[in-house]
Each structure stands twice: as structure tokens, then as C-alpha cells.
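Please read each one with the structure open.

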Amino acid sequence: MAYSPHTPADREQMLAAVGVASVDDLFADISPRFRPGSFEVPPPLVEQQVRAELARLAGRNRIAEVSFLGAGAYRHLVPSVVNEVIGRSEFSTSYTPYQPEVSQGTLQSIYEFQSLICELTGMEVASASHYDGATATAEAALMACRLTRRDRIVVSGALSPDYRRVLATYCSGPGIEIVELPADLSAGGSGQTDATAGEGVIDERAACLVVAQPNFLGQVEPMAELAELAHAAGAQLVAVVEPTSLAVLAAPGSYGADIVAAEGQPLGIPVSFGGPYLGLMAANMASVRQMPGRLVGATRDAQGRRGYVLTLQAREQHIRREKAASNICTNQALCALAATAYLAAVGPEGLREVAELSMTQARHVASALEAAGLGERRFSGAYFSEVAIRLPEAERRHAQLAERGIVAGLPLGRDFPELADTLLLAATELTSDADIERLVDALEATR
């Protein structure tokens, strides 16, 4: 390290306080074979040599020519204006807007983002964003625990396995119990959360029921029925939504959702090796003081001019730790700005067109595979833009198509053993008829 704030005397004082003679003694419990030896750093290169080496390494990447992979992250057309807006130095280099007098642009963009999310979800208040959909879901579930003063979370078996793992991590510390409400995964079944199994699971200890709409398997859930089931036990409904679907499906506020969480990546953010993405959260105003993160509000200055300020920050960086709603210390402001620019650019009708085209192409995928005798729909219920297709030796054939530059969705057997013969295929407005023909032809060749 080129600079360290600690003087030799400071280090000696700290070592003496912990009772060791040297820095090396601090690491005595670590086996020497796990400690770094000498670092063999190659000599420096001139710029053209660095460019050539990076180009060589980049050439080893295998870019899919055709992809039907979704499962929580989706390829959508990003209007050029989105990158133009977020690339402006006022936004891309700005830090947390603690000083409103010099941060009005950033604060207004977050305020507009919150307003758009409220309009999209039908809820009364939205946070300034979270890290991603998984952490937003976990934060929403913990928020329900605080609101109800209960310590059990009921999770749909059709929620994303990744989201469930993140939720388990969040709940391991405070000792909150997680119980699964199973989904109907039988061949020809609904592929939905089994509301009839809720008795005895959603009881007086349950803080909330967490359900995805559409669920991880692509199926459309009976959210009004599930909300009624949760509310009958005094629990809250946490709806984990796919934002594009809200252009055609009912808004969570209309079927009684108490808290909404979502992954905002489909709104103008490219698929990028898992991030950075954008966590969305919205709720009713009565719950606002338990919302984690921060909120931006509109106000008037001393001259009566409209302005924007941070109005609520219920996080431990600003208030007593035991009173904090969360220990998260940031928000995805640049990604939130991208979502804001995207929604403003496409508008309500454009978002509906994106959703309808995605639905149309998903049905084209299913019908093309069924017509060719390659597979059939695993579930009978309604679905949005992802479809579970049952076909023999799904994992093997998926691997063979990957060698040919085609990502045939996600093999569901990796997380659902009972679905070992099933691929989850996603389609968006970028999925062409030619892409679907290539998928069919490639699967034909793997019979």
C-alpha cells in the first residue's frame, strides 16, 4: 500500500494491545500453505501491448448467438437515450446527495424513479432502490416481520431458488423461521403455488407470504386468492413481481399486496454477468417508517420554489442501530436513473408492446416445439413470457446446444429434481422467428 495512516508507533501500540509481538504473529493460526508466497508479477507493458493482450483474452469469450435464458434476468432493447442520460458526468460521477443545495438533479431523478415505481405497482410509496431483486425480497420479508412482530416467513416453492437462498442468509442471523408453501409441479399441473396447502402453514406466527408474479416457472399466480389467504391469518403478502409484466398483469396494489419487491433489470439495464442490477421496493404509506433504505421527497425552499430532499433514511448509518430498518448503506442510483429514462422513453404503451411481444414469442416457442414433436408444456396454467417445456434428456441436449452457440433456457432439474426433464425457455421482443427456428433445428439434431 502506498499510503497508510498508521505510524510505526501506532502499529506497535496496537500490537501490544492485542498481545502479539509482530504483524506476522497475527497470522500464526493460518497454515503457511494458505499464506501468499512471492507474487510473480510480470513486467509492465506499453499501451499497445496491453490492448493486444486484452484483445487476446477477450477472444476466448464465447458469446451466445441465440439465447432463450431468462430465470430472473432478461434481454430487452435498451433505447439509446438511456445510456446517453446515465453517461452524463453529473450522474455517473455524483455521490450520495446529502447536500440538497448542490444535488437537485440527482434528487429529482430519484424522486421521479420512486413516482414511476408507485405508478407501475399501484402502491403508495417506493424506496430509492436496493441492490437487486433478491436483496429487495429479503428486505421486504424482514420488513413484514417488523410490522407484524412475528418470526415466521412463508415462501412459495415457485419463488426463485436464488432469492430463497438470499432470504435464508438474511434470516439466519435473527433466527427467523422460513417455511415453504409448495407449488404444484406435477406433469400437467398448474405450476402455481398450492393455496390449499396453506392451512397449518400460514398461521398466527406467519409474518408474511412471499409469492412471485409471474413465478420462477413462468406461471401466473392467483395473487388475489393468495393475498386473502395471508390476510386471513393476519400476515402480509409480499409480491415479487417482474416489472415488464405489470403492463399487462394486475398491479400488486389492486389485489391487496402489502409490500412489493422486484428486480428492475428489465427496465433499461443490460444483462451483464449478474450485475449491477436494481432492487425495487414499494409499500403502503402506513408502513413507510419500516421501509429500509432511503426516500426522496418534494418540498419548497425559502423562496417557495419546488425542491427535493432526502426525507427518510431508516438505516443504521444515520440512526441508532437497534432502531434501524436495515444496515444497507447505499442505493443503486445510476441503475435507478436508467430505469427512469427507460420508462420515460417507452411510455405506458411502449411497455405494453414489450410485454405483449414477449408473451407472443414465448407462445411461438412453445407451439413450435410441440409442432415438431420435440417437447410439450410441463404445466397447464397461464404463463407470461417464460414457458417450461418437458423434453427427454433435457440437461444433455442443453449442453449440446450450448456448444453450438445456443442457450436453450435453463435446465430446471438443477434446482427442482422433479423437473429434471424440463427446460425453462424465455422470450422477449428481441427473440426473432429465426431464433426460434434455430432452436427447433438444433434440438432436432440432438434426438
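1. In this predicted model, helix α7 contributes Gly 133, Ala 134, Thr 135, Thr 137, Ala 138, Glu 139, Ala 141 and Leu 142 to its contact with helix α8, where they meet Tyr 163, Val 166, Leu 167, Tyr 170 and Cys 171. Sorted by class, the residues of this contact comprise 9 nonpolar, 3 polar and 1 charged.

2. As to the geometry of that pair, the axes of α7 (residues 133-148) and α8 (residues 161-172) come within 9 Å and cross at roughly 45 degrees. The two helices are therefore oblique to each other, and the crossing of α7 and α8 is right-handed.

3. The crossing of α10 and α12 is right-handed.

4. On the α10 side of this pair the residues in contact are Gln 361, His 364, Val 365, Ala 368 and Leu 369, and on the α12 side they are Asp 433, Ile 436, Leu 439, Val 440 and Leu 443. By class, the contact of α10 with α12 divides into 7 nonpolar, 2 polar and 1 charged residues.

5. Turning to the domains, the protein chain is divided into domain 1, made up of 66-73 and 347-444, and domain 2, which covers 80-342. Their C-alpha centres lie 27 Å apart, and 27 residues of domain 1 are in contact with 30 residues of domain 2.

6. How much area is buried between domain 1 and domain 2? The value is about 2,200 Å², of which carbon and sulfur atoms give 65%. Within domain 1, the residues that lose the most area to domain 2 are Leu 351, Phe 379 and Phe 384, which together account for 27% of what that side buries.

7. Two points of backbone geometry deserve a look against the model. The peptide bond joining Gln 213 and Pro 214 is cis, with omega about -10 degrees, and Pro 214 lies in the loop between β5 (206-213) and α9 (223-232). Ala 71, although it is not a glycine, has a positive phi of about 55 degrees, and this alanine is found in the loop between β1 (66-67) and α4 (80-86).

How values were computed. Residues are numbered from 1 along each chain as its sequence is written. This is a predicted model: local features need pLDDT of at least 70, side-chain atom pairs count only at pLDDT 80 or more; totals for chains, interfaces and linings use all residues. Side-chain values use heavy atoms; hydrogens and water are left out. A crossing is left-handed if the near helix is turned anticlockwise from the far one by less than a right angle, and right-handed if clockwise. Helices (H or I, at least four residues) and strands (E, at least two) are DSSP runs, numbered from the N terminus. Contact means heavy atoms within 4.5 Å. Ala, Val, Leu, Ile, Met, Phe, Trp, Tyr, Cys and Pro count as nonpolar, Asp, Glu, Lys and Arg as charged, and the others, Gly among them, as polar. Domain bounds come from an automatic or database domain assignment. Buried area is the accessible area (1.4 Å probe) that two parts lose on being put together, summed over both. Axes are lines fitted to C-alpha atoms, for helices over the stretch in contact, and angles run from 0 to 180 degrees between N-to-C directions. Angles under 35 degrees count as roughly parallel, over 145 as roughly antiparallel, 65 to 115 as roughly perpendicular and the rest as oblique.
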